[in-house]
Amino acid sequence: MLHATLLGFALSALWWLLSGFTTPLILSLGAGSIVAVVWIAWRMDVIDHESHPLHMAPKGVLYFPWLLWEIVKANIDIAKVIVQAKMPIHPQVMDLTAGQKSDAGLVTYANSITLTPGTVTIGVEANAFLVHALTDDAAAGLASGDMDRRVSAMEGMSSRDGDG
Amino acid sequence: MALALDILSWAAIITGGAFCIIGAVGMIRLPDVFCRMHGVGIIDTMGIGMIILGLALQTGFNLTLAKLAMILIFVLFTSPTATHALARAARYGGVEPQLDKPAKKETDQSNT
């Protein structure tokens, strides 16, 4: 129920920010469609802690700025590699063990790896990631396990939730 | 003040455009499908991010800013998923990554 209410709030915010209407008729039509969407989502049984990883939100506030900064640094590195005439790349595939326990945590980690230029997750089998890295530096940065630890820290208490 | 904002916003947009071009160059220059994905990664993080930052500085504090922020957030969530789907499809289709061949032309893929 909590998740359904929050989905309703999130959809209302999205609807209003995208439309910007304030006339009562249009607003009530919007409210009607949101209720319909929440009801359909509830019927489809897709409203749970997994589709709304709320428990990650507080620590995500710390994680995402860090991730953005990492992305900026990696972008500059890879852009430098690409524009060099010799293009000093060392494509390599590495195995990584992900320390996350929930699916949402694993997805966050895998997507963070892919989002950082220079490394792409090309395979996921349970906790084992197959990662393609473009340069030695990118591979070494990932092998240090810093990102893994930070995503695990953000995941935090996720093993205990499950109500909804 | 308006001038400073303009300068900042244009700097951001030009930087974003430059990263888009570098990403596109990377897509052409890099040797195989997995390496080319890294070029795409530049476009859909730094390229899009800086362009949206520049546009946000242009638009000021209003509803359009919220829409720009949403575009950025949705792209940051969906683009790695799409890249991963592409990588899986390539592996499923039997493409093996070329490993540790620093930019040589004697690849076995013809007509590049």
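Helices and strands here are DSSP runs, numbered from the N terminus. The model is predicted.

**Chain A**

Chain A holds six helices and three strands. From the N terminus on, its elements follow the order α-α-α-β-α-β-β-α-α. The radius of gyration of chain A is 20 Å, well over the 15 Å that the globule rule gives for 164 residues, so chain A is more spread out than a compact globule. Its C-alpha trace spans about 65 × 35 × 25 Å along the principal axes. Of the 164 residues, 29% count as buried. Look also at contacts in chain A with a separation of 6 or more: 71% of them join residues 24 or more positions apart.

**The hairpin**

Strands β2 (residues 119-125) and β3 (residues 128-133) of chain A pair in the antiparallel sense. Six bridges link them. In one of these, A:Thr121 has A:Val131 of β3(A) as its bridge partner. Two residues separate the strands of this hairpin. In the turn, A:Ala126 has a positive phi of about 50°.

**Where the chains touch**

Chain B brings 31 residues to the contact, and chain A brings 30 residues. On the side of chain B that touches chain A, α1 (2-29), α2 (33-59) and α3 (63-92) of chain B each supply at least two residues. Which helix gives the most to this side? The answer is α3(B), with 11 residues. The table sorts the side of chain B that touches chain A by class.

| Class, side of chain B that touches chain A | Count |
|---|---|
| Nonpolar | 18 residues |
| Polar | nine residues |

Notes
Residues numbered from 1 in each chain as written. Chains lettered and ligands numbered in written order. Predicted model: local features only at pLDDT ≥ 70, side-chain atom pairs only at ≥ 80, totals over all residues. Helix = DSSP H or I, 4+ residues; strand = E, 2+ residues; numbered from the N terminus. Rg over C-alpha atoms; globule rule 2.2 N^0.38 Å. Buried ≥ 20, exposed ≤ 12 C-beta atoms within 10 Å, placed from the backbone. Contact = placed C-beta atoms within 7 Å. Pairing = 2+ DSSP bridges. Nonpolar A, V, L, I, M, F, W, Y, C, P; charged D, E, K, R; others polar.
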